[in-house]
Amino acid sequence: MKIRFDRLAAATALALALTASVNAKTLVYCSEGSPENFYPAINTTGTSFDANSQVYSRLVDFERGTTNVVPGLAERWEISPDGLVYTFHLRKGVKWHNHRANYKPTRDFNADDIIFSIERQWKPENPYFKVTSENHSYFIDMGMPKLLKTVEKLDDYTVRITLNAPEAPFLSDFAMEYAGIISKEYADAMLKAGTPERVDQDPVGTGPFYLLQYVKDSVVRYKAFPQYWGGKAKIDDLIFSITPDASVRWAKLQKGECHVMPYPNPADLPAMRKDPNVTVLEQPGLNVGYLAYNTQKKPFDDKRVRQALNMGINKKAIVDAVFLGSGVPATNPIPPTIWSYNGDIKDYPYDVDAAKKMLAAAGYPNGFETDLWAMPVQRPYNPNARRIAELMQADLAKLGVKANIVSYEWGEYRKRAQQGEHQTAQLGWTGDNGDPDNFLQVLLGCEASKPGGSNIAKWCNKDFEALTLEAKRVSDQAKRTELYKKAQVIFHEEAPWFVVAHSVQYKPVRKEVVDFKLSPFGRHTFYGVDMK
């Protein structure tokens, strides 16, 4: 529920929280933006996932700081020998948040909630299918509507999911944020009241924290849920202080006004490392930043044009100027830290003369005019999209290509790009589960190329698709690696993207924070974190 306060009220609420009880432990996270809503299944940004993940639990989850799948709301599971049937045995006694005056749960979590949370994304006839949005991006882009055969309740605490084909990353996929479990009882009550949208605005989950207050562009406040099935969190109050500017986030961290900040400016890192009150955590990022060519629009329907631009943009100069040592030039659509990365592929050379000749051969001896979309926000895979766009613009001008830089508000930017309104657009990805499928199918698969999908190159290549789909169906990692390496060769030849860089994940954290762990997926979760 978006509780409508003015900015003064929001600031007052934050100040009161920070000075609340001397015994309460409060952690302030300087978030880079506002969540779009509190329904994770229709979100694709880390900003929204960070806000949602505090509230919800999933059937299975990832061990903190790793890509290992561990029990969640399902305390154990069995998989049939053919890989088609998954039987989940659910935890008993799991409580729902009960802090909202308009809703008091009358029962514990059970199988009905699993069925509802899946069918809401899967079945168009479900009354909640179109509430907030019918674009369940992850569920659709990963091919779940065709993959799932049945989802059955065997009893109140046993659910059986049967697939139409084996799916190697299935358990990892179900540990992702989109699979957060929602209360069916709450949904039924809000539908009966004529206010179904409240389920996504005023969330009720089984996660370690419950939502106390949300003021868009200002603050999100959470409280530790005392009855959380995993045990109460070590901190009592969790506050997201929404601070879009990286320099302001750093200033707040220095003053102790926040304790953890994401996405620092690369230029600020030396000062951060010298601050005695701050520790800079770092690890290679499971990410990629890229410029997607809309392959369904001229002139980018011709791979020679795409290849020419790949040779005409000076990648090293961009990475040196913008990432300042916090990123490495990218060659493939998956990061080198993920298994199946094809290190034998050589990147396109920076060669202006060769690029001009290829453009001429494609019928554009004098170049052409195009748009170049630049993200309005800093992302983990791109510290300054506007600056990168300007450098690309200057390089393209040398080829006779006039690139007009375009931008929109972040939510609008992604929506328009997913609809394919652009000719070229910057975007990127941070992996969700450590599996190559999460990059190659979600970002480059044919299903994801449809309007609303995450494949903003709108590229559907039958040979690439055959390889990546086959890789999903086999469990042997060596075989999957072989298939994915072949798929990367096709990607390189077809050039639907200009891949820019893989960035290093940096997280400045104040030293009074105890046991904050970097997520390989770039997420920010605070269960298990303590304060001195």
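**Salt bridges and pockets**

Lysine 298 has a relative accessible area of 61%, so it counts as exposed, the threshold being over 50%. Keep in mind throughout that this is a predicted model. The partner of lysine 298 is aspartate 301, and the closest N and O atoms of this salt bridge are 3.3 Å apart. Aspartate 301 is at 40% relative accessibility, so that side of the pair is partly exposed.

Why can such pairs form at all? Side chains of opposite charge can pair when their charged atoms come close.

How many salt bridges does the count come to? The total is 40.

Next is glutamate 493 with lysine 303, a salt bridge at 2.8 Å, N to O. This pair links distant parts of the chain, 190 residues apart: glutamate 493 belongs to helix H18, residues 477-494, and lysine 303 to helix H11, residues 303-312. Glutamate 493 is partly exposed at 38% relative accessibility, and lysine 303 is partly exposed at 28%.

Then glutamate 390 and arginine 387, where the closest N and O atoms are 3.6 Å apart. Glutamate 390 is partly exposed at 31%, and so is arginine 387, at 36%.

The largest pocket holds about 640 Å³ of space. Its lining has 30 residues, and the closest to the centre are Arg58, Asp61, Phe62, Arg64 and Thr525. Two elements give two or more residues to that lining: strand S2, 60-62, and strand S3, 69-71. What is the make-up of the lining of the largest pocket? It divides into 13 nonpolar, 9 polar and 8 charged residues.

The second largest pocket holds about 350 Å³. It is lined by 20 residues, with Gly33, Ser34, Glu409, Trp410 and Gly411 nearest its centre. Helix H2, 46-53, and helix H15, 410-419, are the elements that give two or more residues here. Which element gives the largest share of this lining? That is H15, with 4 residues. The lining of the second largest pocket divides into 6 nonpolar, 6 polar and 8 charged residues.

That is the end of my part.

Technical notes
Residues are numbered from 1 along each chain as its sequence is written. This is a predicted model: local features need pLDDT of at least 70, side-chain atom pairs count only at pLDDT 80 or more; totals for chains, interfaces and linings use all residues. Side-chain values use heavy atoms; hydrogens and water are left out. On a 1 Å grid over the protein atoms alone, a cavity is a set of points where a 1.4 Å probe fits but cannot get out, and a pocket is an open set with protein on both sides within 12 Å along at least five of seven lines; lining residues have an atom within 4 Å of a point. Grid points are joined across faces, edges and corners, and a volume is the space filled by probe spheres set on the points. Ala, Val, Leu, Ile, Met, Phe, Trp, Tyr, Cys and Pro count as nonpolar, Asp, Glu, Lys and Arg as charged, and the others, Gly among them, as polar. A salt bridge is a side-chain nitrogen of Lys or Arg within 4 Å of a carboxyl oxygen of Asp or Glu. Buried means under 20% relative accessible area, exposed over 50%, partly exposed in between (1.4 Å probe, protein chains only).
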